Amino acid sequence: MTLGDGVKAAALLFVAAVAQVSIFSQLHVFGAVPDVLLVSLVALALLRGSVVGAVGGFFAGLLVDTASLGTMGLTSLVLTLAGYWIGRYGETTGRDRGHAPFLSVAVVTVLYQLGLLVVHFVLGESAPAGAVVRSLIPAIVLNLILTAPIYALVRRLLRPAARDELSAEVQLLG
Amino acid sequence: MLASSVQRSKPTPYPSKARSALIRRAIVVGLVIVALALVTISFRSPTAGALHDVQGAGSTALRPFQIAATRIAQPFRDGYDWVASVSSAKSENAHLKRELRELRLEAIHNRASALKAQQLESLLHFQQRATFPNGYRAVNAEVTSFPSNPFTHSLEIAAGSSAGVRLNSPVVTRDGLVGIASNVEPQTSVVTLLTDPSTYVAALDIQTRVRSGMVHTGPGGTLILDQVPKTLRIKDGDALVTDGTHNARYRDLYPYGIPIGRVSSVGATDTATFLQVQLQPFASLGSLDAVAVLVPKKPHR
């Protein structure tokens, strides 16, 4: 990943985090909120791999926690794991597959919500499982609607990495 | 031949790949550990400490970007609101006309009662605490960030201690109670909403004068009026206001008379000691653009 790409990725996540906290968090549709930051992070991780996904998730989460004066590190923790996991999927089985962004967004939306639920539960805070489960389907639909334009934008912004730039750590055992 | 053992060649090591995998895992583990450390520190001291100061400074630095984003989105929001309001305008108009007729009669009655009460207070030299809204001045503030998921019951506003906001200042809209200022920075504050599980508000039913209930969030996430004995009478549609009393168990921070919500259902079971009262808040907590923080005119109340 070049320095220019790094700056572009940082700018992308910064704009997505600010937009998420200031604009998209107000758009409640059937109890769900479209997550432009999560979709941007998924697109970035798919195109640039697990390390960029994890680091991007960590700092984007810090921005969200700082902007909303929430518990520091909480969103970072979940987004770091989400970025890393999607990055690994992109590096291995998700390469060059047209459905990869949509599949990743759908799965990560569920895991992100459940991850937040678990973290809040562990911290002894409000963890309304019923509300989260009810909002899962609308959240997936909303995020899937965002996926195509955001993935196209990120792909345009960041040139797809050459195969040898991505980690190729699928080793056959035996 | 088939039975003969085949010497399998030793797998070729990939030192560079193994090293990069190790580095990758180390980075992720490191980030997770840092995140966990931040969560621990932040959770242990949510309103004080170095991390809190850094977060406050970061929030102040991000505020211009948030305001810019909100301004950019404002025309789109206004357009959506206009379309949404036009579609329901006709039925709403008829409903509001009917409500206006009822409220006009009620207002005349209330004005007469208030005048009478004022005269009686004057005759009796009645001493009382600051009440809403006369004893307070409003610090009006824009909402800069909103709860984005079911776990968050707070929002951030663009007014802090420099504007006079203090910790535990009540926050309202023109419709009713919103919550309380739970974290105050020089330029921003966090408002914990009425729907937060930690929020308890002593309430008074202004129709029946029942004043033994506490408004807080119930198990299903709905707002309930708790601890009302079954012997007392509360009915659907009753309006609740803050009671302004001081309870030994729940420190009441709200002055008397702030509208909270309307009773939406009342139930009772044989096994429960108290009534099961659900209510709908007057303030639209999910779509707040601006709020007013109530600051007492006198420094001590």
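Predicted model: local features only at pLDDT ≥ 70, side-chain atom pairs only at ≥ 80, totals over all residues.
Two strands are taken to pair when DSSP finds at least two bridges between them. By this criterion, strand 6 (residues 201-205) and strand 9 (residues 239-242) of chain B form an antiparallel pair, joined by three bridges. Within this pair, B:Ala203 has B:Thr242 of strand 9 as its bridge partner.

Overall, chain B contains three helices and 12 strands. Of its 301 residues, 32% are buried. Among the contacts in chain B that link residues at least 6 apart in sequence, 60% bring together residues at least 24 apart.

Strand 3 (residues 170-172) pairs with strand 4 of chain B in the antiparallel sense, over three bridges. One of the residues involved is B:Val172, whose bridge partner in strand 4 is B:Leu177. Strand 4 of chain B (residues 177-184) is largely enclosed by the rest of the structure, because eight of its eight residues are buried.

Chain A is built from six helices and zero strands, giving the order α-α-α-α-α-α from the N terminus on. Buried residues account for 54% of the 174 residues of chain A. For contacts in chain A between residues at least 6 apart in sequence, 72% join residues at least 24 apart.

Helix 2 of chain A, with 13 residues, should span 18 Å, and its end C-alpha atoms are 18 Å apart, which agrees. Since 13 of the 13 residues of helix 2 of chain A are buried, this helix is largely enclosed by the rest of the structure. It is followed by A:Gly49, which has a positive phi near 95°. Helix 4 of chain A has 18 residues and should span 26 Å; the 26 Å between its end C-alpha atoms agrees with this. Helix 4 of chain A is likewise largely enclosed by the rest of the structure, because 18 of its 18 residues are buried.

Helix 6 of chain A holds A:Tyr151. This tyrosine has 22 C-beta neighbours inside 10 Å, and therefore A:Tyr151 counts as buried. Leaving aside residues up to four places away in sequence, A:Tyr151 touches A:Ala43 and A:Pro101. A:Tyr151 and A:Leu47 lie 104 residues apart in sequence, with a C-alpha to C-alpha distance of 9.3 Å.

The largest nonpolar core comprises 63 residues, and A:Ala17, A:Leu41, A:Val42, A:Ala43, A:Leu44, A:Ala60 and A:Ala82 have the most contacts inside it. At least two residues of this core come from each of helices 1 to 6 of chain A and from helix 1 (15-44) of chain B. Residues up to four places away in sequence aside, A:Ala82 touches A:Leu41, A:Gly57, A:Val108, A:Leu111 and A:Tyr112. A second, separate core has 49 residues, including B:Tyr136, B:Ile157, B:Val171 and B:Leu223.

Where the two chains meet, 42 residues of chain B are in contact with 41 residues of chain A. On the chain B side, helix 1, helix 2 (50-87) and strand 1 (136-145) each supply at least two residues. Helix 1 of chain B gives the most to this side, with 14 residues. Sorted by class, the side of chain B that touches chain A has 21 nonpolar, 18 polar and three charged residues.

Technical notes:
Residues numbered from 1 in each chain as written. Chains lettered and ligands numbered in written order. Helix = DSSP H or I, 4+ residues; strand = E, 2+ residues; numbered from the N terminus. Buried ≥ 20, exposed ≤ 12 C-beta atoms within 10 Å, placed from the backbone. Contact = placed C-beta atoms within 7 Å. Core = buried A, V, L, I, M, F, W, Y, C linked by C-beta atoms within 7 Å. Nonpolar A, V, L, I, M, F, W, Y, C, P; charged D, E, K, R; others polar. Expected span 1.5 Å × (residues − 1).
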